[in-house]
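Please read it with the sequence and the coordinates open beside you.

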Protein chains: 2
Amino acid sequence: MKAYQELSRDELLSLKAKLEKEYEDVKGKGLKLDMSRGKPSVAQLDMGMDIFDVLNSQSDMTSIEGVDVRNYGVLDGLGEAKQMMADIMGVKAENVIVYGNASLNVMYDAVSSAVTHGVMGCTPWCKLDKVKFLCPVPGYDRHFAITQHFGIEMITVPMTPQGPDMDLVEKLVSGDESVKGIWCVPKYSNPQGYTYSDETVRRFANLKPAAKDFRIFWDNAYSVHHLYEEEERQDKILEILSECEKAGNPDMAYEFASTSKISFSGAGVAAIAASKGNLECIRKTLTIQTIGYDKINQLRHVRYFKDFEGIKAHMRKHAALMRPKFEAVLKVLEEELAGTGIGEWTRPNGGYFISFQSMEGCAKAIVAKCKEAGVTLTGAGATYPYGRDPKDSNIRIAPTYPSPEELALATDLFVLCVKLVSVEKLVEKYARTEGFCEKKAG
Amino acid sequence: MKAYQELSRDELLSLKAKLEKEYEDVKGKGLKLDMSRGKPSVAQLDMGMDIFDVLNSQSDMTSIEGVDVRNYGVLDGLGEAKQMMADIMGVKAENVIVYGNASLNVMYDAVSSAVTHGVMGCTPWCKLDKVKFLCPVPGYDRHFAITQHFGIEMITVPMTPQGPDMDLVEKLVSGDESVKGIWCVPKYSNPQGYTYSDETVRRFANLKPAAKDFRIFWDNAYSVHHLYEEEERQDKILEILSECEKAGNPDMAYEFASTSKISFSGAGVAAIAASKGNLECIRKTLTIQTIGYDKINQLRHVRYFKDFEGIKAHMRKHAALMRPKFEAVLKVLEEELAGTGIGEWTRPNGGYFISFQSMEGCAKAIVAKCKEAGVTLTGAGATYPYGRDPKDSNIRIAPTYPSPEELALATDLFVLCVKLVSVEKLVEKYARTEGFCEKKAG
């Protein structure tokens with residue numbers, strides 16, 4: 001395929017006319033599809049329904065340690081639930097506190113209590129003039145929303161296929177005591193699906209932060225969320241807590257995970273993993289904040305999945321439903337956009353997203369055009385702090401929720417909009433150049 | 001029965017010898033009972049087990065409004081769950097946000113976000129030099145723990161059978177802008193089982209706070225937790241939100257409730273009720289803090305209880321199990337301590353506690369003596385801010401958890417310890433008086 005940038009003005013104009021007609025045709029179809037969020041599909045949810053047969057009126061409601069899960073008691077999670085979440089994160093159960101239904105709240109609480117009470121004896125962030133977080137971009141909008149909510153200044157760091165630009169991370173973390181944290185989705189990153197390389201993880205573990213209370217917010221949301229069964233297509237990542245310990249920085253990372261995309265979204269089990277020192281600090285707040293989280297749901301999950309093999313088997317079923325969708329989107333992108341020079345995209349082995357990079361200044365227009373024709377994408381800019389993508393070019397594609405048929409329609413529309421907006425942009429550029437030449441001539 | 005205060009020194013000494021012998025006998029029995037917390041009994045929990053048959057692998061998981069409860073979406077609760085919690089609190093569903101598994105966390109979040117972000121546009125409390133809360137005493141230790149955690153100064157207000165001393169509340173609230181809140185358990189109060197009178201509720205609704213962001217923290221934890229079926233033995237309370245609205249103070253109250261002592265402790269559904277203005281402010285934080293709470297558990301509860309009649313019917317079953325326990329404790333107290341002048345106690349129509357008032361300076365010793373013989377009570381002082389009961393006389397009795405047989409043993413031990421500690425105190429007083437007389441003579 002010829003790069004759009006090499007087309008003449010006339011070629012562009014005739015292409016534009018053709019695309020506009022196609023677009024009007026699609027608009028006429030009255031689509032109404034939502035690809036805005038990384039949501040499991042109905043088929044994925046149906047597949048897990050037998051979890052509701054695990055507990056019934058005749059069930060023994062006693063945990064392995066003899067706790068009646070229906071009553072008060074146990075602040076930080078059932079032993080077997082700690083083990084389950086530890087296995088998911090690849091850490092020890094003793095490093096885990098089990099929380100409620102989803103991990104966003106755990107991250108919020110971690111930031112909130114650092115703001116009001118400080119981290120392990122350090123000054124509460126609300127008493128400091130300035131607190132900054134590093135935000136690898138593009139990244140997860142809800143991370144950025146938390147830091148923005150607390151008035152924390154966000155500094156962007158570019159992502160690479162190996163993880164954040166570590167030269168920059170090291171420089172910023174070691175040179176500025178007001179840098180207190182960094183948001184990471186280290187495996188199958190949101191939105192790219194990148195997995196941090198071993199070198200990146202080791203450089204994280206060996207950071208020399210100026211701030212004693214600097215913490216890596218390691219949101220391991222997709223640790224077991226592979227799309228492929230072949231070992232070689234399953235990304236691996238070094239375990240951050242043990243790497244931090246080896247590096248003499250045992251307290252530097254908080255790790256988060258949940259079963260939201262294993263069992264049910266927003267009705268799963270969430271957890272934090274951290275060092276003994278961090279957990280002691282967290283428990284001091286937790287014991288004031290809650291009488292404990294829902295132990296019945298913890299027991300339901302543990303009895304259903306049984307062990308880590310059970311989790312992995314369940315994730316293979318998710319993958320079987322998700323893989324064809326990712327592949328369908330990638331196929332259309334490949335067929336329609338390869339060589340056009342108007343878009344680049346990632347080809348992840350797992351996670352929930354594909355990251356699309358349009359020509360500069362096109363993302364907002366593409367998303368708007370899709371919306372106008374009935375397909376809602378994640379808002380352009382959402383993957384950047386304050387919703388500001390300086391190049392206006394990143395779009396997060398979430399292929400999981402629509403049915404395969406809907407997905408085909410939606411992706412066709414998407415590439416059409418990419419083409420149309422890109423052509424418009426190039427035509428406009430021609431016009432500007434001409435205007436410039438005319439002016440010069442005049 | 002003769003008041004202990006009227007006994008001669010010799011009578012006291014011989015009584016003391018007799019009680020000490022009895023105490024040694026009880027100690028020999030090797031009791032191991034826990035009456036420290038207001039926990040439902042195993043029989044109460046067993047009674048609700050059929051809630052786990054409500055959802056199974058074949059269930060329709062769609063809410064009345066068409067929401068798939070297994071997926072993301074719906075920040076502030078299913079419509080039917082709002083209605084359920086609204087009925088429990090006696091408010092409108094539109095004034096309700098449904099939360100997670102227990103209400104303590106909701107109260108914590110309300111205080112925490114006031115500290116970091118302020119209430120409805122007012123200055124965040126963390127930016128103020130001084131923030132104070134009024135604490136009716138004796139009261140609930142976990143309320144006091146939250147305010148203490150955030151460095152909020154606690155000012156005690158005496159409780160009466162009609163509610164807090166409202167003369168004092170009005171004076172403190174209207175005269176001091178740093179008074180930002182008051183903790184209330186308005187119905188079947190913890191620990192007395194008192195219910196605020198209509199006049200008290202109206203005076204609350206008509207408060208003229210100096211602080212615009214003063215809030216009444218109305219923890220309606222026991223709104224449907226009657227012990228008796230007869231109408232005339234069921235306490236009624238005026239609904240605070242509508243009273244506040246009538247009084248021109250629509251935004252002055254946050255109301256909290258949960259099903260922790262309806263379905264299961266720590267695995268129920270919690271909620272806040274408040275004005276539209278308050279809810280708008282709360283949602284601004286909530287949308288950052290969480291992707292939404294566990295809607296599956298909300299659906300399970302709604303399908304199980306069906307409607308408010310279902311809740312009331314279920315509470316009658318709880319009452320049938322709890323009533324004999326309250327009555328057994330009250331009977332022993334009456335038979336053993338009436339007229340002795342060494343203790344007073346409440347006779348609640350509902351809730352989870354009986355409040356016991358010993359002679360001054362005896363509570364800690366009574367609790368310690370009980371513990372030494374194998375019965376754990378709520379720590380003396382726990383019902384006061386900072387754990388400091390200035391008269392050292394309040395003890396919270398939680399009769400619900402032990403079996404009837406255990407409860408008989410525990411209550412016998414309790415009255416024995418009350419007698420023994422009181423006699424020791426009176427003997428000591430004699431000794432001091434004598435010492436004083438000898439000194440004077442000398």
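1. Contact here means heavy atoms within 4.5 Å. Among the contacts in chain A between residues at least 6 apart in sequence, 76% join residues that are at least 24 apart.

2. This is a predicted model, in which local features need pLDDT of at least 70 and side-chain atom pairs count only at pLDDT 80 or more, while totals for chains, interfaces and linings use all residues. Residues are numbered from 1 along each chain as its sequence is written, chains are lettered from A and ligands numbered from 1 in the order in which they are written, and side-chain values use heavy atoms, with hydrogens and water left out.

3. Chain A holds 13 helices and 13 strands, taken as DSSP runs (helices H or I, at least four residues; strands E, at least two) and numbered from the N terminus. Its radius of gyration, 24 Å, is close to the 22 Å that the globule rule gives for 442 residues, so chain A is as compact as a globular protein of that length; the radius is taken over C-alpha atoms, and the rule is 2.2 Å times the number of residues to the power 0.38.

4. Of the 442 residues in chain A, 61% are buried, that is, under 20% relative accessible area (1.4 Å probe, protein chains only).

5. Between chain A and chain B, 58 residues of chain A are in contact with 58 residues of chain B. The area buried between them is about 4,900 Å², with carbon and sulfur atoms giving 56%; buried area is the accessible area (1.4 Å probe) that two parts lose on being put together, summed over both. On the chain A side, A:R70, A:Y72 and A:I288 lose the most area to chain B, together 16% of what that side buries.

Notes. Buried < 20%, exposed > 50% of the residue type's maximum accessible area, 1.4 Å probe, protein only.
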